[in-house]
Amino acid sequence: CNIEATRPLVGRPATQALGAEALRLSGARTLRWIRPGDVVTMDYRTDRLNIHLDEQGQVQRIDCG
């Protein structure tokens with residue numbers, strides 16, 4: 001998973017197109033949107049991209065796992 005390539009997506013609104021672009025740029029196989037207050041599993045998967053959103057639905061950060 002290549003996080004550096006996804007840096008320009010931070011701060012943009014969460015859309016299906018952004019998710020597809022993030023997957024393409026990172027090389028990840030799966031995508032997980034994480035909103036404030038969401039409960040997520042702690043299992044680490046190197047092929048999964050996590051997109052963390054703020055309360056307004058903007059991308060706050062992106063990481064692998």
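Is Ser26 buried or exposed, and with which residues is Ser26 in contact?

A: Ser26 is buried, its relative accessible area being 5%; buried here denotes under 20% relative accessible area, exposed over 50%, and partly exposed in between, with a 1.4 Å probe and protein chains only. The model is a predicted one, in which local features need pLDDT of at least 70 and side-chain atom pairs count only at pLDDT 80 or more, while totals for chains, interfaces and linings use all residues. Residues are numbered from 1 along each chain as its sequence is written, and side-chain values use heavy atoms, with hydrogens and water left out.

Ser26 belongs to helix H1, residues 16–26; helices (H or I, at least four residues) and strands (E, at least two) are DSSP runs numbered from the N terminus. Apart from neighbours within four places in sequence, Ser26 is in contact (heavy atoms within 4.5 Å) with Cys1, Asn2, Thr6 and Leu49.

One of these partners, Cys1, forms a disulfide with Cys64, with an S to S distance of 1.9 Å. The criterion is a pair of cysteine sulfur atoms within 2.5 Å, and by it the count comes to one disulfide. The link of Cys1 and Cys64 is left-handed, with -85 degrees about the S-S bond. It connects distant parts of the chain, since Cys1 lies in the segment before H1 and Cys64 in strand S3 (residues 59–64), 63 residues apart. In general, a disulfide is a covalent bond between the sulfur atoms of two cysteines. Cys1 is partly exposed at 41% relative accessible area, whereas Cys64 is buried at 17%.

Cys64 also belongs to the largest nonpolar core, which has 11 residues: Ile3, Leu9, Leu18, Ala22, Ala28, Leu49, Ile51, Leu53, Val59, Ile62 and Cys64. Such a core is a set of buried Ala, Val, Leu, Ile, Met, Phe, Trp, Tyr and Cys residues joined through side-chain atoms within 4.5 Å. H1, S2 and S3 are the elements that give two or more residues to this core. Leu49, a contact of Ser26, is listed in the core as well.

In strand S2 (residues 48–53) one finds His52, which counts as buried because its relative accessibility is 12%. Beyond four places in sequence, His52 is in contact with Ile34, Gln58, Val59, Gln60, Arg61 and Asp63. By contrast, Met42, in the loop between strand S1 (30–34) and S2, counts as exposed at 76% relative accessibility. The C-alpha atoms of Met42 and Asp54, 12 residues apart along the chain, are separated by 20 Å.

For the whole chain, there are one helix and three strands, and the elements run α-β-β-β from the N terminus on. The radius of gyration, taken over C-alpha atoms, is 11 Å, close to the 11 Å of the globule rule (2.2 Å times the number of residues to the power 0.38) for 65 residues, so the chain is as compact as a globular protein of that length. Along its principal axes the C-alpha trace spans about 25 × 25 × 20 Å. Buried residues make up 31% of the 65 residues.
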